[in-house]
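Subject: Structure handover

Hello,

I am passing on the structure below, with notes on what was found in it. Please keep it open while you read.

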Amino acid sequence: QKLIKRPTLAFDISPFDNKVMYVGTGAGHYEKSINGGNSWESKKPKNGELAGLSAVTGVTFNPENPDSMYLSANGLGIFRSNDGGEVWIHTGHYLDRDVKYNPKNASEVWGISNPNLGVLGGKGAKVHYSSDGGNKFVNTHADEMINYLNDKYYAGKNAEFNSIYFSPDGSKVYICTSSGVI
């Protein structure tokens, strides 16, 4: 296995071919493997909508279409690819921390925004949900839960939302935070 020598922030495996993997890095790259991680092709966009990419913080495969996927980029938002990750188009959504499809329902997409990440420790972070495949997102108000946890257990510190995970059957969503799991 080839070691990726950059901080990795996101990872997903194609539900159609477990040898196809994507890794998002903190160095403005995303890496693609088509052989189960034995080798990786590094992609650092220099042109187009992903130019100036600082960090890939989320990547997810559509569970119903092997060529459709989303990528979230720190400070830039969500991008969609309809050709297996070769061309990325901005969706108009600025959820820049993570993005995940429900593994059993391609209509359900979740995303995290952390507008003040690094400045105020995540204050103002939101978790959003889409029931139409990522066309429109609504706030889940998970920030109210994290504010409660911060006040009760962490002396009012502003924890950040980090990542989204689903149960294998898609019936539960877990939001990982620096204060715990919601």
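Predicted model: local features only at pLDDT ≥ 70, side-chain atom pairs only at ≥ 80, totals over all residues.

Residues are numbered from 1 along each chain as its sequence is written, and side-chain values use heavy atoms, with hydrogens and water left out.

Nonpolar cores

A nonpolar core here is a set of buried Ala, Val, Leu, Ile, Met, Phe, Trp, Tyr and Cys residues joined through side-chain atoms within 4.5 Å. Buried means under 20% relative accessible area, exposed means over 50%, and partly exposed lies in between (1.4 Å probe, protein chains only). The largest nonpolar core has 14 residues, and Tyr30, Leu50, Leu71 and Trp88 have the most contacts inside it. Two or more residues of this core come from each of strand S5 (56-61) and strand S6 (69-73). Another core, of ten residues, lies apart from it and includes Val127, Ile146, Ile164 and Ile175. Helices (H or I, at least four residues) and strands (E, at least two) are DSSP runs, numbered from the N terminus.

Leu50 is in the loop between S4 and S5. Its relative accessibility is 4%, so Leu50 counts as buried. Leu50 and Ala73 are 23 residues apart in sequence, and their C-alpha atoms are 8.5 Å apart in space.

Two strands pair if DSSP finds at least two bridges between them. Strand S2 (residues 21-25) pairs with S3 in the antiparallel sense over four bridges, and Gly24 stands opposite Tyr30 in S3. The hairpin of S2 and S3 has four residues between the strands, and Gly28 in this hairpin takes a positive phi near 80°. S3 also pairs with strand S4 (residues 41-43), in the antiparallel sense over three bridges. In that pairing Tyr30 stands opposite Lys43 in S4.

Which way do the residues of strand S3 (residues 30-33) point? Tyr30 and Lys32 point one way, Glu31 and Ser33 point the other way, and all are buried.

Salt bridges

A salt bridge is a side-chain nitrogen of Lys or Arg within 4 Å of a carboxyl oxygen of Asp or Glu. The count by this rule is four. Glu41 forms a salt bridge with Lys43, with the closest N and O atoms 3.6 Å apart. Glu41 is partly exposed, at a relative accessible area of 44%, whereas Lys43 is buried, at 12%. Lys43 also meets Glu86 in a salt bridge (3.2 Å, N to O). This pair links distant parts of the chain, 43 residues apart: Glu86 is in the loop between strand S7 (77-81) and strand S8 (89-90), and Lys43 is in strand S4. Glu86 is partly exposed, with a relative accessible area of 44%. Salt bridges that share partners join Lys32, Glu41, Lys43 and Glu86 into one network.

Lys100 forms a salt bridge with Asp98, with the closest N and O atoms 3.5 Å apart. Lys100 and Asp98 are both buried.

Helix H1 (residues 142-153) has twelve residues. From its first C-alpha to its last, H1 reaches 16 Å, close to the 16 Å expected at 1.5 Å a residue (the expected span is 1.5 Å times one less than the number of residues). The buried residues of H1 are Ala142, Asp143, Ile146, Leu149 and Asn150. They cover an arc of only 120° around the axis, so they are on the same side of H1; the arc is that of the directions from the helix axis to the C-beta atoms. An α-helix has 3.6 residues a turn, so residues three or four places apart point the same way.

Exposed Glu144 and Asp151 are on the face of H1 turned away from its buried side. What covers the buried residues of H1 includes strand S11 (126-130), strand S12 (138-139), S13 and S14, where contact means heavy atoms within 4.5 Å.

An open sheet of three strands has the order S13-S14-S15, with antiparallel pairing. Strand S13 (161-166) and strand S15 (180-181) stand at the edges, each with a single partner strand, so one side of each has no neighbour in the sheet. Strand S14 (residues 173-177) and S15 are joined by two bridges, and the bridge partner of Cys176 in S15 is Val181.

Regards
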